[in-house]
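Visitor: I am new to this structure and would like to learn how to read it. Please show it to me and start with a term I will need.

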Amino acid sequence: MLLSTALIFLATATAIFRLQAVSCLCVSRAGPYPDKPRIAFNQDGSFKLMIFSDQDINTTALMNALLDLERPDYVVINGDLITGENTFRENSTSLIDTIVRPLNAAKVPFSSTSGNHDTQINITRVEEIVREISISPLSYTRLSPPGVGGVGGPGNYWVPVYEKATDSAPVLVLWFFDSRGGVFRDGSHMPDWVDSTVAEWIASETQMMDAVWGPPELRSAVAFVHIPPHAIQAVQENLDSSVNPGLNADGFGQGSTQATSDPGSLGKDNAFWHSLCSHVKNLRAVISGHGEPRDEWCAREPTYNVIFCFNKHSGYGGYSSPGWGRGVRSLLFRSAKPSEGIESYIMLEDGTMRARVVLDEDY
């Protein structure tokens, strides 16, 4: 048993070293994935993203059905890949195999963020990330560079998307952030916000992007983070179902947004939110999971005029009610131009589409 544990530790430590070495690569024309295919728009100018979140081991049938129906170009698992508190130490990482198996079978490139259920006594975020990458040739998930993410927040990175695979600079950057949450191995609670070190990292990364790739007006961005920023809490109070269609039946409470599990932590996600909205230009949308099946709306956050969307709850855990359903949010780019709108909608596991909106400057 001790030998097995030591071997797991050694393998994980070796993988962490390699992944952080990749994460430390400066922004360059080669990009951070020299050994993987470049992600690019289709020849007709389209690009479809599909977003799962809040998964469990019973979600694979839903994943297979919607992958076949939607045929996405890229997939995001936006946190809570597994329910970590229901795992044992000896089988916890093997559950990642189950979740990513449909993606591997479909040969679709994907990335993941970590959620509050991904870090529990028997599993850590780092172990999940290392496992995912080791068994998934088309996983673009990375570890944060050293010193970025704070205690327990190793999953902050970005993925470039090119108009053509041969282009020297991307037209779209997908940002992924680790909002932490959950518990440490000793059972103590982890902070539930994106650490302030990520704010500094965003500023430095965007500065390098501008220097290497040219003016930020030439590209756009979409950001993914599992727990919604706290600023979104006030947005829910002013939703209009004609503008913000989709289920809105889940009132925000303690722990629903970042830095709210402990009242003393309120405001600690402000540095991240300010940096993201200030430094990432042409930010088309910020997308979060964490909500139960009854959250699926999009709305503008007025302070920074940024569009926020919930992605649809995909798993079978938590509570439910007739009509809520489970599914995904899809983002359909009709063009690589940053000025073009993005069609977004909820697709349920039975093929029903709802809450369709166009995310553009007029939304």
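Guide: Two strands pair if DSSP finds at least two bridges between them. With that term in hand, note that this is a predicted model. Here β8 and strand β10 (residues 306-310) pair in the parallel sense over three bridges. Within that pairing, I287 has C309 in β10 as its bridge partner.

Visitor: What holds paired strands together in general, and which strand joins β8 through four bridges?

Guide: Strands of a sheet pair through backbone hydrogen bonds, either parallel or antiparallel. In this model, strand β7 (residues 220-225) is joined to β8 by four bridges, and the two run parallel. The partner of V222 in β8 is A285.

Visitor: Is strand β8 enclosed or open to the outside?

Guide: Look at how many of its residues are buried, meaning under 20% relative accessible area. Strand β8 (residues 283-288) has six of its six residues buried, so the rest of the structure largely encloses it. For the protein chain, buried residues come to 56% of the 363 residues.

Visitor: What is the order of the strands in the open sheet?

Guide: The sheet has seven strands, ordered β1-β5-β6-β7-β8-β10-β9, and its pairing is mixed. Its edge strands, β1 (39-40) and β9 (298-301), each pair on one side only. β9 pairs with β10 over four bridges in the antiparallel sense. In that pair, A299 is opposite F308 of β10.

Visitor: Which helices pack on the sheet or lie across its strands?

Guide: Helix α5 (residues 196-213) packs on the sheet and touches β5 (157-162) and β6 (172-177). The direction of α5 makes about 165° with that of β6. Helix α7 (residues 270-279) lies across β6, β7, β8, β9 and β10, and runs at about 150° to β8.

Visitor: Which way do the side chains of strand β4 point?

Guide: In a regular strand the side chains alternate between the two faces of the sheet. In strand β4 (residues 110-113), F110 and S112 point one way, while S111 and T113 point the other way. All of these residues are buried. Strand β3 (residues 74-78) pairs with β4 in the parallel sense over four bridges, and V76 has S111 as its bridge partner there.

Visitor: How many helices and strands does the protein chain have?

Guide: The chain has seven helices and 13 strands. Among its contacts with a separation of 6 or more, 71% are between residues 24 or more positions apart.

Technical notes. Residues are numbered from 1 along each chain as its sequence is written. This is a predicted model: local features need pLDDT of at least 70, side-chain atom pairs count only at pLDDT 80 or more; totals for chains, interfaces and linings use all residues. Side-chain values use heavy atoms; hydrogens and water are left out. Buried means under 20% relative accessible area, exposed over 50%, partly exposed in between (1.4 Å probe, protein chains only). Contact means heavy atoms within 4.5 Å. Axes are lines fitted to C-alpha atoms, for helices over the stretch in contact, and angles run from 0 to 180 degrees between N-to-C directions.
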